[in-house]
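Colleague: Before I rely on any label attached to this model, I would like to hear how each one was reached. Could you take me through them in turn?

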Amino acid sequence: MAWFEREFIAVPDDRKDQLVYKWPDLNIRRYSRTIVNADQIALFVKSGRVVATMGPGRHRVDADELPVLGALVDTVTGNNFYRAELYFVSTRDISGVKFGGRLDDIADPASEQVVTLRAFGEFALAIRDPAQLITSLVGTTDLTDPAGLRSWCADLLLKSMKMTVSHGISQGEWQVLGLSAQLQSIETEVVRRTNIALYEYGLRISRLGNFDITLAPEDAERIKRLAKDVTYIRLAGDFQRYAAGEMALGAGQGMAHGHGGEGGFLGAALGFNAMGALGQTSSPWAAQSAPPPPPPEPRQPAPGTPPNEEPPAALTAGETVCTSCGTGNPRAARFCMHCGTRLAATPRHCTDCGTELAAAARFCGACGTPAPA
């Protein structure tokens, strides 16, 4: 019964998804039948060296068919066994291998901000040279553990991606904002660099899938806000104009949402006033919020007037004297420049007969003489 149980050597059905499968017995019975599937290759390994290979098909383990096996005969067993390691290596791509993690803290040349990038996706792994894979990794990596081998390749891919993306951004080839538009060129460069590192192990990554690079949410919001501010400042001309516009906009939004009251109106007035001072608005709010003009300088006393005596109320023809403070104002003034009291209209008199005229009169009612302007 033992003869028939060990006559056929093949990869079990539940292990066919592995890149590498190792036959558990080191003693391989002579004349056993080895079944190698169409997407596999079998290798006999002795002392870390591949001594024989078998392609797809059914093979008889015998020195007559594989002459190199003659050196592997175990004489202790009466030449009935070969002592060697037998590996089945898959030649198809293993797709859907996941990877992901933090790339690095990278300084964006455009905004001079330090941001954190994260990458995630899938890749397809294939064996480029089965013999080189076995001789390079036997004794250092458990090739029979599919999860371990895939994890090792994923870590190597992530390391290559860190180097590639950091170099590309620092050299100005790619911008932090809009990396999604550059994924094709990033993928090409990352796969090339990774395959250079995997070449000596007989492995290769054929392609990436569902691959993306993202910013940390807080970094993305900060970069977008900074980009918006820079654009608006460039359009406004300088930072002061932009700040005044932001102040007025914020005040307006506060009033629109009912968060103003007197404070909201005050903020809006301040914002419009700041914009008016910078020549950005002609709103009546800005004019009303402007500070009052400085009071006129005190008049110098006329020659011969005692120091403690006030000067005459009106020293210039056409001036209107304020009845409250006695300050002379231009004839067209409606309010006193010094105290703000409303000024009474200056009465007009006929230049011929001296009769007092109404404010809207165009001719003298007594003599018909045209009224003075």
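Modeller: Let me begin with burial: a residue is buried under 20% relative accessible area, exposed over 50% and partly exposed in between, with a 1.4 Å probe and protein chains only. By that rule, buried residues make up 31% of the 373 residues in the chain. This is a predicted model, in which local features need pLDDT of at least 70 and side-chain atom pairs count only at pLDDT 80 or more, while totals for chains, interfaces and linings use all residues. Residues are numbered from 1 along each chain as its sequence is written, and side-chain values use heavy atoms, with hydrogens and water left out.

Colleague: How many helices and strands does the chain have, and what makes a run of residues one or the other?

Modeller: Helices (H or I, at least four residues) and strands (E, at least two) are DSSP runs numbered from the N terminus, and on that basis the chain has eight helices and 17 strands.

Colleague: Why is Q40 called buried?

Modeller: Q40 has a relative accessibility of 7%, and therefore counts as buried. Q40 belongs to strand β5, residues 40–46, a mostly covered strand in which five of the seven residues are buried. If contact is taken as heavy atoms within 4.5 Å, Q40 meets V11, P56, F88, V89, S90 and T91, once neighbours within four places in sequence are left aside.

Colleague: How do you know which strands β5 pairs with?

Modeller: Two strands pair if DSSP finds at least two bridges between them. β5 and β10 have six bridges in the antiparallel sense, with I41 opposite V89 of β10. β5 and β6 (residues 49–54) have five bridges, again recorded as antiparallel, and here V45 stands opposite V50. The hairpin of β5 and β6 has two residues between the strands, and S47 takes a positive phi near 55 degrees in it.

Colleague: What makes β1 and β7 edge strands?

Modeller: Three strands form an open sheet of mixed pairing in the order β1-β4-β7, and β1 (8–9) and β7 (57–60) each pair on one side only. Strand β4, residues 33–36, is joined to β7 by four bridges and the two run antiparallel, with R33 opposite R60.

Colleague: Why are the buried residues of α4 placed on the same side of the helix?

Modeller: The residues concerned are L183, I186, E187, V190, V191, T194 and L198. They cover an arc of only 125 degrees around the axis, and so lie on the same side of α4, the arc being that of the directions from the helix axis to the C-beta atoms. Among the elements that cover them are α3 (146–170) and β13 (203–215).

Colleague: And what makes the buried residues of α2 line one face?

Modeller: P130, L133, I134 and L137 are buried in α2. Seen down the axis, the buried residues of α2 fall within an arc of 95 degrees, so they line one face of the helix. They pack against β2 (20–22), β5, β10, β12, α3 and β13.

Colleague: What is meant by the largest nonpolar core?

Modeller: A nonpolar core is a set of buried Ala, Val, Leu, Ile, Met, Phe, Trp, Tyr and Cys residues joined through side-chain atoms within 4.5 Å. The largest has 44 residues, and those with the most contacts inside it are F99, L117, F123, M161, V165, L208 and I213. Its largest share, nine residues, comes from α3. A second, separate core of 20 residues includes W23, Y82, A84 and L86.
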